[in-house]
Amino acid sequence: MLTVSKAALTSPRRVLAISPDEQRLRRLAGALDAVGALVTAVRDVADVGADVAPFSFVFFAWDGDTNALKALLPRLRPR
């Protein structure tokens, strides 16, 4: 398990957590919040609401469904 202290983040990062499983989403969002991230948690990519997700990082609890991945990838901005 990776442990990151709040001091490691110089400023809070906006992150997106996606999981269709509500319990997994709560655990994921809780872990991200614990390290100081500003978390937006959704159960489906369609719930993001923007054409391009305005987040520094996206945490996607992917179950192998290629359709879900295909829906997410065009919404990510290149770095």
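**Notebook: a predicted β-α-β-β-α model**

I looked up confidence by element first: in the protein it is lowest in α2, at a mean of 90, and highest in α1, at 96. The score is pLDDT, the predictor's confidence in each residue, from 0 to 100. For the protein I find a mean pLDDT of 84, with 84% of its residues at 70 or more. I note that this is a predicted model, where local features need pLDDT of at least 70, side-chain atom pairs count only at pLDDT 80 or more, and totals for chains, interfaces and linings use all residues. Residues are numbered from 1 along each chain as its sequence is written, and side-chain values use heavy atoms, with hydrogens and water left out.

**Layout**

I count two helices and three strands. Their pattern along the sequence is β-α-β-β-α. Helices (H or I, at least four residues) and strands (E, at least two) are DSSP runs, numbered from the N terminus. I looked up the contacts (heavy atoms within 4.5 Å). Of those in the protein with a separation of 6 or more, 61% are between residues 24 or more positions apart.

**Surface**

I have the accessible surface of the protein at about 5600 Å², with 55% of it belonging to carbon and sulfur atoms. The areas come from the Shrake-Rupley method with a 1.4 Å probe; for residues, only the protein chains shown count as cover. Of the 79 residues, 22% are buried. Buried means under 20% relative accessible area, exposed over 50%, and partly exposed in between (1.4 Å probe, protein chains only).

**β1 and its partner**

I then went to β1, where four of its five residues are buried. β1 pairs with strand β2 (residues 38-42) in the parallel sense over five bridges. Two strands pair if DSSP finds at least two bridges between them. I checked Leu16 and found threonine 40 as its bridge partner in β2.

**Cores**

Which residues make up the largest nonpolar core? I list seven: Leu16, Ile18, Val42, Val45, Val48, Phe55 and Leu72. Another core, of five residues, lies apart from it and includes Ala17, Leu25, Leu32 and Ala37. A nonpolar core is a set of buried Ala, Val, Leu, Ile, Met, Phe, Trp, Tyr and Cys residues joined through side-chain atoms within 4.5 Å. For Val42, not counting residues up to four places away in sequence, I have Leu16, Ala17, Ile18, Ser19, Leu25, Asp47 and Val48 as contacts.

**Serine 19**

Serine 19 sits in the loop between β1 (14-18) and α1. I count serine 19 as buried because its relative accessibility is 0%. A polar atom of its side chain lies 3.2 Å from the backbone nitrogen of aspartate 21. A polar contact is a pair of N or O atoms within 3.5 Å; within protein, one must be able to donate a hydrogen and the other to accept it, and residues adjacent in sequence count only if both atoms are side-chain atoms. Neighbours within four places in sequence aside, serine 19 touches Arg24, Leu25, Val42, Arg43 and Ala61.

**Leucine 28**

I placed leucine 28 in helix α1 (residues 22-34). From leucine 28 to alanine 41 I have 8.7 Å, C-alpha to C-alpha, and 13 residues in sequence.

**Arginine 75**

Arginine 75 is in the segment after α2 (66-72).
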